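Biologist: Hi, I'm new to this one. Can you put it up and walk me through it?

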Amino acid sequence: MERLETATRVHRALDYRKGGGASRERVLAELAREEELLTGARTDEVRKRLRVALADLHNVAGWASFDLGLVSAAQHHFRRALRLAENSGHDGLVANVRYRLGRIALHHDQPTEALVQFAYGEAAAQRASSFRALAILHANKAWAWAKRANQHEASKLLGKAETEFDKAGTDDRAPWSAFFNMIDFDAMTGTVYTELALAGESKAGAARKAIPALSRASVLYSEEMSRSRAFTLMMLAFDHIVSGDREQGVSIGEEALRTATKVKSVRTKARIRPLCAELAKQRGDADAADLARRINIFIKTPIS
């Protein structure tokens, strides 16, 4: 049991650092023994703990699959994780899986479906009395409303997320939700305002609101969170350009591209597209044009 839980922590850390392309096959190899492990559990207590451990491993497999653009596989693993977590009565893990299902919908510009998943997750988080889970869900609901260009609702939900995050303190650090610390909260705040800028609601104003939070997160994210840092730098570069600081935007965009190339993730290719489009609008700027050209090459290059 301890070996399985340790292996899940290792796979999750690898996914954060190097992306789903580095972790997925290893997770699937670990899951190959799932039925054998469940059949061999001798007591209800062991079986319950094992279900939770396997649910979390499926959670990691789902996230790695999502990171590679394998949506059907991701949903399969998340649904399996849900069944195992629900059968174990583990509402905190149920909330986390629902959050991840919502993130698939967000990535594919389906905010309504995302909000449905987040609502299920919120109910589970409330049953679990998990402030951290509620903070994650409120922040992601804010992102969904930003995709709808609703600044009022998005800002209100960010406020709720901050309140729940403050209540969580240093407690409630389950392995599947421990990533959501102050750095990630800043990154999510910046994400919401960047999304509002993309939605065209007071574009430059929303971009300027995103910059302080994204700046803090980009400095504080470690190598262990390379994918998250890449996303943050992409948005920060975009926001600087949109708010009129083209030179700084190009400079940060260079760093975003360098960071993204170290991560085996299809999502990095999707999330850098808005920056590339904004760079292409900078007529007469040779540095912006060159960076846009190299980003296009990165987007088209298959993950090896």
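Predicted model: local features only at pLDDT ≥ 70, side-chain atom pairs only at ≥ 80, totals over all residues.

Biologist: OK, how is the lining of the largest pocket divided by class?

Modeller: That lining has ten nonpolar, three polar and seven charged residues. A pocket here is an open set of points on a 1 Å grid over the protein atoms alone, where a 1.4 Å probe fits, with protein on both sides within 12 Å along at least five of seven lines; lining residues have an atom within 4 Å of a point.

Biologist: How much space lies in the largest pocket?

Modeller: About 420 Å³, counting the space filled by probe spheres set on the points, which are joined across faces, edges and corners. Closest to the centre, out of 20 lining residues, are Lys147, Glu195, Ala270, Arg271 and Pro274.

Biologist: And which element gives the most to the lining?

Modeller: α10, with four residues. Helices are DSSP runs of H or I with at least four residues, numbered from the N terminus.

Biologist: Switching topic: how many aromatic pairs are there?

Modeller: Seven in the whole structure. Rings of Phe, Tyr and Trp (its six-membered ring) pair if their centres lie within 6.5 Å; planes under 30 degrees apart are stacked, over 60 edge-to-face, the rest tilted. Tyr99 and Phe179 are stacked, at 6.1 Å centre to centre and 20° between the planes. Tyr99 sits in helix α6 and Phe179 in the loop between α9 and α10, 80 residues apart.

Biologist: Is Tyr99 buried or exposed?

Modeller: Buried, at 3% relative accessibility. The cut-offs are under 20% relative accessible area for buried, over 50% for exposed and partly exposed in between, with a 1.4 Å probe and protein chains only. Phe179 is buried too, at 13%.

Biologist: Which residues form the aromatic cluster?

Modeller: Trp63, Phe66, Tyr99, Phe165, Phe179, Phe180 and Phe185.

Biologist: Last one: what is Val192 in contact with?

Modeller: Beyond its neighbours within four places in sequence, Val192 is in contact (heavy atoms within 4.5 Å) with Ala139, Ala142, Trp143, Ala146, Ala154 and Leu158.

Methods. Residues numbered from 1 in each chain as written. Heavy atoms only, no water. Helix = DSSP H or I, 4+ residues; strand = E, 2+ residues; numbered from the N terminus. Nonpolar A, V, L, I, M, F, W, Y, C, P; charged D, E, K, R; others polar.
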